[in-house]
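Open your viewer, get ready to select residues by number, and follow along one stop at a time.

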Amino acid sequence: VNYRKAGATYTITTGANWQKSTVMGPATYRGNSAYRTQNVNSAGFEADSYSNMLDSIAYTYGSVMTKPQLHETYFSPAMAMPLSLPVKQTYTQSLNQITVQAGAADYVMPVVMTTTYRGRETVTTAFGTFETCKNTESAPPSRAFEEAGFYRREHPALPLAYCMAATCDGA
């Protein structure tokens, strides 16, 4: 998949659940040169995400969810993933995930993300055999559930799945 080619589409399916992503083309997001990708899924979520690859680093800047309820989530600094880590090398980044929603104070969640490059792996699917890079990533999940609980208490009318998406950025 060419993540920079407007119109490129990819779908991820797990059981009855799916997410379809379509590259819409270049955009500027919060002052960053990015590519806008439109995402829709089987749960009814719709969002535009903004990312780019520069100097062998994949940057994720944020997303704007339009359904089920309008809100924006962005990262400060941008989430950055080096694309050329040596095998077994770990990269850790501290950032803030900030959720902006009309009528509510900005919600800031500090996040520490750790990624370890595990090496190359061959994966065979119905669509062919692919050489891939295997990474393990972690961010403390207990913190995400704790933050979702706080968000839910602040916004009791929202469904729990939305609160998890708002705090974990499931878009």
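Accessible area here comes from the Shrake-Rupley method with a 1.4 Å probe. By that method, the chain exposes about 10000 Å², and carbon and sulfur atoms supply 55% of this area. Keep in mind that you are looking at a predicted model.

**Stop 1: the whole chain**

Show the chain as a cartoon. Of the 171 residues, 34% count as buried. Among the contacts with a separation of 6 or more, 33% are between residues 24 or more positions apart.

**Stop 2: colour by confidence**

Now colour by pLDDT. The chain has a mean of 82, with 79% of its residues at 70 or more.

**Stop 3: aromatic rings**

A pair of aromatic rings is described by the distance of the centres and the angle of the planes. How many aromatic pairs does the structure hold? There are two.

Select tyrosine 29 and tyrosine 50 and show their side chains. Their rings are stacked, 4.4 Å centre to centre with 10° between the planes. Tyrosine 29 belongs to strand E2 (residues 17–29) and tyrosine 50 to strand E4 (residues 46–54), so this pair links distant parts of the chain, 21 residues apart. Are these two tyrosines buried or exposed? Both tyrosine 29 and tyrosine 50 are buried.

For the other pair, select tyrosine 59 and tyrosine 61. These rings are stacked too, at 6.1 Å centre to centre and 0° between the planes. Tyrosine 59 counts as partly exposed because its relative accessibility is 22%, whereas tyrosine 61, at 6%, counts as buried.

Arginine 30 lies over the face of tyrosine 74, 3.6 Å from the ring centre.

**Stop 4: salt bridges**

Side chains of opposite charge can pair when their charged atoms come close. A search of the whole structure finds five salt bridges, and the tour visits some of them.

Start with glutamate 46 and lysine 67, whose closest N and O atoms are 3.7 Å apart. Glutamate 46 is in strand E4 and lysine 67 in strand E5 (residues 57–67), a link between distant parts of the chain, 21 residues apart. Glutamate 46 is partly exposed at 29% relative accessibility, and lysine 67 is partly exposed at 42%.

Move on to glutamate 131 and arginine 120, which meet in a salt bridge of 3.9 Å, N to O. Glutamate 131 lies in strand E9 (residues 128–138) and arginine 120 in strand E8 (residues 107–125), so the pair ties together parts 11 residues apart in sequence. Which side is exposed and which partly exposed? Arginine 120 counts as exposed, at 53% relative accessibility, while glutamate 131 counts as partly exposed, at 48%.

Finish with glutamate 121 and lysine 134, another salt bridge of 3.9 Å, N to O. Here glutamate 121 is in strand E8 and lysine 134 in strand E9, so this pair ties together parts 13 residues apart in sequence. Glutamate 121 is partly exposed, with a relative accessible area of 32%, and lysine 134 is partly exposed as well, at 41%.

Key:
Residues numbered from 1 in each chain as written. Predicted model: local features only at pLDDT ≥ 70, side-chain atom pairs only at ≥ 80, totals over all residues. Heavy atoms only, no water. Phe/Tyr/Trp six-rings, centres within 6.5 Å; stacked < 30°, edge-to-face > 60°. Helix = DSSP H or I, 4+ residues; strand = E, 2+ residues; numbered from the N terminus. Buried < 20%, exposed > 50% of the residue type's maximum accessible area, 1.4 Å probe, protein only. Lys NZ or Arg CZ within 6 Å of the ring centre and 35° of its normal. pLDDT = per-residue confidence, 0-100. Contact = heavy atoms within 4.5 Å. Salt bridge = Lys/Arg side-chain N within 4 Å of Asp/Glu carboxyl O.
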